[in-house]
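Please keep the picture open while you read along.

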Amino acid sequence: MQTFNLFWRSIKWRFQNPVTIIMTLIQPLIWLLLFSTIFRGNETEGNYTAFILPGILLMGVLFSSGISGIANYSLKTGGSYYRIMISPAKRSSIILAHIIDAAVSTFIQIMILMGISFLMSVRITSGVSGMLLMAMLLFLTVAFVSAISYALSLKLPDENSFIALVNTVTLPLFFVSSALIPYDQLPSGFRIPVIINPFTHVINSLRMLVSGDLIDWMQLLFTTGILFILCIASFVLAVHALKKDIQ
Amino acid sequence: MDAISVSHLSKVYKSGKKALDDLSIKVQKGEIFSLLGPNGAGKSTLINILTTFLQPTSGKILIMGRDVCKEQRAVRPLIACVAQKVSIDNHLTLKENMLFQSRLYKLDDATANKRMDALITAFGLKEYEKQRVTAYSGGIKRRLDIAMSMMSYPQILFLDEPTVGMDIESRKAMWDTVKKIKDDFGTTIFLTTHYLEEADMLSDTVCIIQDGHELVQDTPENLRQHTHLNTIRIDLDGSENQQDFGKWISDLQFVRAIRQEQNTVYANTQNAAQDFHILNQLLVDKKIRYSSIGIITPSLDDVFLSLTQNKGRGV
């Protein structure tokens, strides 16, 4: 109930300021359109847009959920952060509301990106159930990333350092993954950081659901497991940071 | 049981700044308690600690008998605070703001709606209901801020400098509001201010703090000997013998102390308004030549100065 109240408040703001959703959508959108157009000529096996879509979806998640914590800085400038902090609202509800808010704006982006891919003749081979599985993986990723972002916003002194850090981390995480090149085609020295990057596994599982012939349930379970652990850890971290924010 | 009891509270920020230094105060239930002090005295830090927003470095604080540091969950539903920064959400309407607050404090919808209507009437906000919150003036925003904070019917309401930056008319309206909250809702009110007049007029108890330590806590009547510690200033004509005059005036029964600066004599008296006439008459009778005489009302600085000197701390 408390979570819903807090979420209701932030989503009202979000829909009055839709530009905050659009802004983080632009870059993934350009990548989607650019890459699929440039590499269309080389399409030897299947649709390149379908190949790159999972990476682009993840990029969207990293951008929009990664930056989500920035809202704290403007809340702290006014008195509403204080108002909520001294209320009986549970700290975990505050984090949960933040995650759901980030999920709503991220999923709006995901739906737009999916819609455009559909127009570019991408078909999800695993069907509706596969799409639901994709949504679950993406939601867990959003929860992990947005909780980390929230915790960071409490630790870093101002917006500038926050944006600088988020920007520094986001693109390398995207490049050092299987987003652009399949894992088994990567140079061997490069494979180690790629396999350590949890987002590689998310992209691989998404790719399997988008264009794979069969669903490898073990791989899916493994990815879900990793994400689940990361979500719990980042959630605990964010709640802890919020409780410690009073010293 | 006291509404608030603070003993030996200290707060040192990570930066090393000492904001509160062995502070002890008591606030009784149902009273208006004013914390008076210059900027940087530690008023806001104290409010932040009392409202569970900041952790103290040391000391013990009880709110309605509950430990603020250890029983935050029990304390939070009992209090509300109107901070210096306006905390209403500009993207919500007046009613939405109030309902959001009510849900933070877990009120059911029926109670929330009933209280909301009562508070909108009590705070004269009816006519602003339809307007956009962003279009409100500062005074109306603050009034809504207070009305919101009252949604949970807190037992203690904290007001951090509620009238700062307001014109005299809005300040008077605010004073009425504060009194109304106390009378109609029985709420204990803890407010901070740096206006002496405000503290004097509103409060049942006034506490003056400086450099994070309390100087005195008393009723305004008892403090009045500080605040009405009036001084009569006499400018002598150059031809008068200053030393003889000084001796003569300090021997007068009602003069407690004097200070002399060349031709000007400052005489501290018990009741300046009354003693002024007597002294004036005496000067005329004794044919002492002077160019001016008048009562100087002490500024807040004078009161602080006299207090800090009395207590031997600070300055």
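I noted the ground rules next. This is a predicted model, in which local features need pLDDT of at least 70, side-chain atom pairs count only at pLDDT 80 or more, and totals for chains, interfaces and linings use all residues. Residues are numbered from 1 along each chain as its sequence is written, while chains are lettered from A and ligands numbered from 1 in the order in which they are written.

**Entry: chain A**

I looked up the elements of chain A and found 11 helices and zero strands. (Helices, H or I of at least four residues, and strands, E of at least two, are DSSP runs numbered from the N terminus.) I also noted that the C-alpha trace of chain A spans about 60 × 35 × 35 Å along its principal axes.

How much of chain A counts as buried? I found 40% of its 247 residues. A residue is buried if 20 or more other C-beta atoms lie within 10 Å of its own, exposed if 12 or fewer, and partly exposed in between, with C-beta atoms placed from the backbone.

I then opened the UniProt record, an unreviewed entry. Its annotation "transmembrane region" covers several spans of chain A, among them residues 21-39 and 51-73. (UniProt positions are given in the numbering used here, feature names are shortened, and annotations may be inferred rather than shown by experiment.) In the model, residues 21-39 of chain A are 95% helix and 0% strand, with end C-alpha atoms 28 Å apart. Residues 51-73 of chain A are 83% helix and 0% strand, and their end C-alpha atoms lie 37 Å apart.

**Entry: A:Gly212**

I found A:Gly212 in the loop between helix 10 (198-211) and helix 11 (217-244) of chain A. A:Gly212 is partly exposed, because 16 other C-beta atoms lie within 10 Å. A:Ile124 is 88 residues away from A:Gly212 in sequence, yet their C-alpha atoms are 8.9 Å apart in space. Two residues are in contact if their C-beta atoms, placed from the backbone, lie within 7 Å. Leaving aside neighbours within four places in sequence, I saw A:Gly212 in contact with A:Thr125 and A:Arg207.

**Entry: where the chains meet**

How many residues does each chain bring to the contact? I found 18 from chain A and 21 from chain B. Helix 1 (2-16) and helix 5 (80-85) of chain A each supply at least two residues of the side that touches chain B.

**Entry: chain B**

I saw chain B divided into domain 1 (4-225) and domain 2 (230-297), with bounds that come from an automatic or database domain assignment. The C-alpha centres of these two domains of chain B lie 44 Å apart.

B:Tyr153 sits between helix 5 (138-149) and strand 7 (156-160) of chain B, and its phi is near 45 degrees, a positive value in a residue other than glycine. B:Lys287 lies between helix 10 (272-285) and strand 14 (290-296) of chain B, and its phi is near 55 degrees, also positive in a residue other than glycine. Is B:Lys287 buried or exposed? B:Lys287 counts as exposed, because it has 6 C-beta neighbours inside 10 Å.
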